[in-house]
Amino acid sequence: MNYRDLEPEEAQAELQAESPPRLLDVRTEGEHNSHRLPNSTLIPVQELAQRVAELDADENWFVYCEHGRRSLFACEILSDQGFAKLTNIRGGMALWAGRGLPYERP
């Protein structure tokens, strides 16, 4: 395992830093269009292996989905591709919203 897990509140704190990590949403387009974290890049997990070249492996990436399972799988895919700075947001958008943290509804 070449990534870490963070609770939503811990992730939120790091996202507010002066140099925040990049966000990768691995849900479906419909889920992303319904509710998401601001400034996130959408690549559905089922397309990630084919589209990994669209992401900078040197960046610090926070990965999320709806409940946390797809993002764990995505972290494994990215780790296997040489991404070294990966964080899974535990519980995904469901836990994030459930804890009252801010998100956007486009």
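Colleague: How many bridges join strand 2 to strand 4, and in which sense do the two run, parallel or antiparallel?

Modeller: Bearing in mind that this is a predicted model, strand 2 and strand 4 run parallel and are joined by 4 bridges.

Colleague: What makes strand 2 and strand 3 a pair?

Modeller: Strand 2 and strand 3 have 3 bridges between them, in the parallel sense, and the condition asks for at least two, so they too count as paired. Leu23 has Ser40 in strand 3 as its bridge partner, and Leu24 stands opposite Thr41 in strand 3.

Colleague: In what order do the strands lie in the sheet, and which are called edge strands?

Modeller: The open sheet consists of 5 strands in the order 1-5-4-2-3, with parallel pairing. Strand 1 and strand 3 (40–42) are called edge strands because each of them pairs on one side only. Ignoring direction, neighbouring strands are turned against each other by 30 degrees on average.

Colleague: Why is Leu23 called buried?

Modeller: Leu23, whose place is in strand 2, has a relative accessible area of 7%, and buried means under 20%, so the term applies to Leu23. If neighbours within four places in sequence are left aside, the contacts of Leu23 include Leu15, Leu37, Trp61, Phe62, Tyr64 and Ile89. Ser40 is 17 residues away from Leu23 in sequence, yet their C-alpha atoms are 4.6 Å apart in space.

Colleague: How do you know that the buried residues of helix 1 are on the same side of that helix?

Modeller: The buried residues of helix 1 are Pro8, Ala11, Gln12 and Leu15. They cover an arc of only 105 degrees around the axis, and therefore they lie on the same side of helix 1. What covers these residues includes strand 1, strand 2, strand 4, strand 5 and helix 5. Helix 1 itself packs on the sheet, where it touches strand 1, strand 2, strand 4 and strand 5, and its direction makes about 100 degrees with that of strand 1.

Colleague: How do you know that the length of helix 4 agrees with what a helix of its residue count should span?

Modeller: At 1.5 Å a residue, the 12 residues of helix 4 should span 16 Å, and the C-alpha atoms at its ends are 17 Å apart, so the two values agree. Helix 4 lies across strand 1, strand 2, strand 4 and strand 5, and runs at about 170 degrees to strand 5. Its buried residues are Ser71, Ala74, Cys75, Ile77, Leu78 and Ser79, and what covers them includes strand 2, helix 3 (45–51), strand 4 and strand 5. Helix 4 is followed by Gly82, which has a positive phi near 95 degrees.

Colleague: Why is the contact between Glu7 and Arg90 called a salt bridge?

Modeller: The N to O distance between the side chains of Glu7 and Arg90 is 2.6 Å, and the cut-off is within 4 Å, so the pair qualifies.

Colleague: Which parts of the chain does the salt bridge between Arg27 and Glu66 link?

Modeller: Their closest N and O atoms are 2.8 Å apart. Arg27 is in the loop between strand 2 (22–25) and helix 2 (29–34), and Glu66 is in the loop between strand 4 (61–64) and helix 4 (69–80), 39 residues apart. Both Arg27 and Glu66 are buried.

Colleague: How many salt bridges does the rule give in total?

Modeller: The count comes to 11 salt bridges. One of them joins Arg70 and Glu31, with the closest N and O atoms 3.0 Å apart.

Methods: Residues are numbered from 1 along each chain as its sequence is written. This is a predicted model: local features need pLDDT of at least 70, side-chain atom pairs count only at pLDDT 80 or more; totals for chains, interfaces and linings use all residues. Side-chain values use heavy atoms; hydrogens and water are left out. Buried means under 20% relative accessible area, exposed over 50%, partly exposed in between (1.4 Å probe, protein chains only). Axes are lines fitted to C-alpha atoms, for helices over the stretch in contact, and angles run from 0 to 180 degrees between N-to-C directions. Contact means heavy atoms within 4.5 Å. The expected span of a helix is 1.5 Å times one less than its number of residues. The arc is that of the directions from the helix axis to the C-beta atoms.
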